Amino acid sequence: TQSTRPQRLLGAVKKNATRGDPRSVVKAIDQFCRQKEWAMNVGDEKGCILDSVVSELNPATVLELGTYCGYSTVRIASMLPPHAKLITLEFNPDYAAVARQVIAWAGLEDKVQLVEGASGDLIPKMSEQFEVETFDLVFLDHWKDRYLPDTKLMEECGLLKKGSVLLADNVICPGTPEYLEYVRASPRYESQYFRSHLEYTKVEDGLEKSVFLG
Ligand SMILES: O=C(NC/C=C/[C@H]1O[C@@H](Sc2ccncc2)[C@H](O)[C@@H]1O)c1cc([N+](=O)[O-])cc(O)c1O
Ligand SMILES: [Mg+2]
């Protein structure tokens, strides 16, 4: 049977990356996506912006919406302090299966909890099921029409505290207009746009960093 693109991406990781070396996993995926097949990872250019936000914030608790193959999961988790935790939500079981192997290859399974399911169902269960009070950082990279409803849901569930940071991918391409308007207009957020390019292309895209003011 035909392999899927995520499976071929995983093959490239196993072939070209060193077990236990997250940077080599990131490099192998970027190389695969540039030379072989484009895939919707945040990529190396926006990835550097993601890295700078993570290292500045030094978060203890991170929530990622949309794991896909685990590229940004590995980027973030590789920068977390010792007892920090990253919870990543993935809806598609096939993507989740690939992501688990990518995360394991990077040697980051102890820092990452991949939960299969839809963000809309899982967010209300966060505090009870996953023993999380609030998130220091949320990386939004899932279905673009879910960014706004899930942000409102996180507010309602008390998962954001003063200083929590939302970092959203693809605010230009494919675009998340309602989300962007909300965080930029709301007095409860201090928002900042980091201009970049759509992964592996010259098309404009960017990340929006929004600090929750409480
Ligand atoms: O569509 C994009 N991303 C959607 C990503 C979706 C990912 O999140 C879950 S959905 C889900 C739902 C609910 N809860 C958790 C996960 C999907 O199974 C997939 O793994 C996208 C598209 C482009 N592009 O150029 O077309 C570029 C990008 O960087 C993108 O992120
Ligand atoms: Mg994206």
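This is a predicted model: local features need pLDDT of at least 70, side-chain atom pairs count only at pLDDT 80 or more; totals for chains, interfaces and linings use all residues.
V42 touches G47, L50, Y71, S72, F139, D169, E199 and L207, when residues up to four places away in sequence are not counted. One of its contacts, L207, is 165 residues away from V42 in sequence, although the two C-alpha atoms are 9.7 Å apart in space.

**The sheet and its helices**

Seven strands make up an open sheet with mixed pairing, and their order across it is 3-2-1-4-5-7-6. At the edges stand strand 3 (112–116) and strand 6 (189–197), each of which pairs on one side only, and from one strand to the next the twist averages 15°. Strand 1 (residues 61–65) and strand 4 run parallel and are joined by four bridges; L65 stands opposite L140, a residue of strand 4.

Helix 3 (residues 43–57) lies across strand 4, strand 5, strand 6 and strand 7 (204–212), and its direction runs at about 145° to strand 6. Helix 5 (residues 93–105) also packs on the sheet, where it touches strand 2 (85–90) and strand 3, and it makes an angle of about 170° with the direction of strand 3.

Which residues coordinate the magnesium ion (ligand 2)? The donors are D141 and D169, each through OD, together with N170 through OD1, at 2.0 to 2.2 Å. Along the sequence these donor residues follow the spacing D-x27-D-N. D141 belongs to the loop between strand 4 (137–140) and helix 8 (147–156), whereas N170 belongs to the loop between strand 5 (165–168) and helix 9 (171–175), so this pair ties together parts that are 29 residues apart in sequence. D141 and N170 are both buried.

Ligand 1 is surrounded by 21 residues, of which the closest are E90, S119, D141, N170 and E199.

| Residue | Part of the residue | Distance to an oxygen atom of ligand 1 |
|---|---|---|
| Y68 | polar backbone atom | 3.4 Å |
| D169 | polar side-chain atom | 3.2 Å |
| E199 | N or O atom in the side chain | 2.5 Å |

D169 and E199 are also among the residues that V42 touches.

**Helix 8 and E155**

Is helix 8 largely enclosed or largely open? Seven of its 10 residues are buried, so helix 8 is largely enclosed by the rest of the structure. The buried residues are Y147, L148, D150, T151, L153, M154 and E155. Just after this helix, G158 takes a positive phi of about 70°.

E155, whose place is in helix 8, has a relative accessible area of 17% and counts as buried, the limit for that term being under 20%. Leaving aside neighbours within four places in sequence, E155 is in contact with L160, Y182, R188, Y189 and F212.

Conventions: Residues are numbered from 1 along each chain as its sequence is written. Chains are lettered from A and ligands numbered from 1 in the order in which they are written. Side-chain values use heavy atoms; hydrogens and water are left out. Donors are N, O and S atoms within 2.8 Å of the metal (3.2 Å for Na, K and Ca); water is not among the atoms, so sites may look incomplete. Helices (H or I, at least four residues) and strands (E, at least two) are DSSP runs, numbered from the N terminus. Buried means under 20% relative accessible area, exposed over 50%, partly exposed in between (1.4 Å probe, protein chains only). Two strands pair if DSSP finds at least two bridges between them. Axes are lines fitted to C-alpha atoms, for helices over the stretch in contact, and angles run from 0 to 180 degrees between N-to-C directions. Contact means heavy atoms within 4.5 Å. A residue is near a molecule or strand if one of its heavy atoms lies within 4 Å of it. A polar contact is a pair of N or O atoms within 3.5 Å; within protein, one must be able to donate a hydrogen and the other to accept it, and residues adjacent in sequence count only if both atoms are side-chain atoms.
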